[in-house]
Amino acid sequence: MPNALVASAKVLETIDERLLRCGISRRAFLIFCSSLMIAAPYGLAITEKKTPEEVAAGLGKVVRPPVIWLHFQDCTGCTESLLQTSHPDFGDLILNIISLEYHETLMAGSGLQARQALDEAVKKYAGKYILVVEGSIPTKDQGIYMKMAGRPALNVLADIGGKAAAIVAIGSCASWGGIPSADPDPTGAVGVADLLPNKSIVNIPGCPPNPYTLLGVLLQYASNGTLPEADELRRPKFAFDRDIHEHCTRRAHFDAGNFVKQYGDEGHREGWCLYEMGCKGPETHAGCSTRHFNEIPDVWPIGIGAPCIGCTEKSVAFRIPMFQVVQLHTIAAPPTSFAPITTTHGSMSPLATGLVGLGVGALAGAGYVASRKFSKEQGYDGPPGSTPSNSEPGDDA
Ligand code: FSX
Ligand code: SF4
Ligand code: F3S
């Protein structure tokens, strides 16, 4: 696929140019790159078998991809998960790496001003922009449940989605309906691919999804004009090629028959397996057990003591009751390495997280160590606000 962004290089900055113009330090970018290597190592060819410095050098030359972000029926949790990063000002950095042309939650303008900004962005980057869709689209009683600037949601998606180079459906709602489509589904909520089946669409389900998966997809597209290899549900394989149960930090307890019976019981306090509490990990494909949220070790549902509800699966979350125990027909032989029963919770180690296969584990470990090293050098373990960035989020002037 030819990279349409290359043709736009004269009007769009490279990431390096942008960071320089906004006074963002190289070190802040290096820390970000090492986090990216942990979270989306295979989503981005540019990160494979490289040091953070090499990754930063490669990414710096990439033209910032123009992104138009539309909200439909959603809770805005997908946007929140992108912005709620643990490193100070990572959200700011992310917004400098992509060229966010329109985003209702983040932009200052409203009303006519916002509508004009959207129209201008669509016109200026027609055929080149990536459309990110957050939320499901109502199909019943057109215009009753949602309108944008007087237009029914269906028309907005057909128009703006039709002119996009590619579409990323962020979150389970945009992927296939999500919460709004739960029974009795009053709005007839569907995902983007149901309405635009012939477009290039990547689904990044999750409620909310891991934001680094989105970054991996956007940056791969920006760097070489391709989208990652996807599974039958259009999910990028690099992030959804394994099930939660396979590398779960509590897997050793599952194999030993140690199950939580009730929230707050001794097993729950000890970090035992949540299978009998309805955990859907055995039939849920996602990287949560190895790529935690917001760069904080153990920040993922099972890590904080809640069962996986299967939020990345089309036929699990919001379809199967939360406490219903899943069948174990999908479970293969246990992996050769996973966490010992004595795993302690609250800190990350390659062993304790039961992590990943050998290759991914090595890369993730190296990236994590690198990020810690840079963090300490930068004093990023300190209070928020210490990043040497002085740009405004979304400032694209
Ligand atoms: Fe849906 Fe996104 Fe769940 Fe919320 O908006 S995927 S309800 S976390 O945030 O669309
Ligand atoms: Fe982890 Fe759930 Fe599997 Fe138990 S059932 S090991 S908590 S994924
Ligand atoms: Fe969702 Fe399960 Fe991960 S609920 S966030 S897929 S652990």
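1. Strand S1 (residues 66–71) and S3 run parallel and are joined by five bridges; strands count as paired if DSSP finds at least two bridges between them. Strands here are DSSP runs (E, at least two residues) and helices likewise (H or I, at least four), numbered from the N terminus. Within this pair, His 71 stands opposite Glu 134 in S3.

2. This is a predicted model, in which local features need pLDDT of at least 70 and side-chain atom pairs pLDDT 80 or more, while totals for chains, interfaces and linings use all residues. Residues are numbered from 1 along each chain, ligands are numbered from 1 in the order written, and side-chain values use heavy atoms, without hydrogens and water.

3. S3 also pairs with strand S7 (residues 166–170), again in the parallel sense over five bridges. Ile 130 stands opposite Ala 166 in S7.

4. Is S3 buried or exposed? Five of the five residues of S3 (residues 130–134) are buried, so the strand is largely enclosed by the rest of the structure. Buried means under 20% relative accessible area, exposed over 50%, and partly exposed in between (1.4 Å probe, protein chains only). Ile 130, Val 132 and Glu 134 point one way, Leu 131 and Val 133 the other.

5. The residues around ligand 3 include Trp 300, Pro 301 and Cys 308, where a residue counts if one of its heavy atoms lies within 4 Å. The shell divides into seven nonpolar, three polar and no charged residues.

6. Phe 323 lies in the loop between helix H14 (266–270) and helix H15 (358–378). Phe 323 counts as exposed, because its relative accessibility is 54%.

Notes: Nonpolar A, V, L, I, M, F, W, Y, C, P; charged D, E, K, R; others polar.
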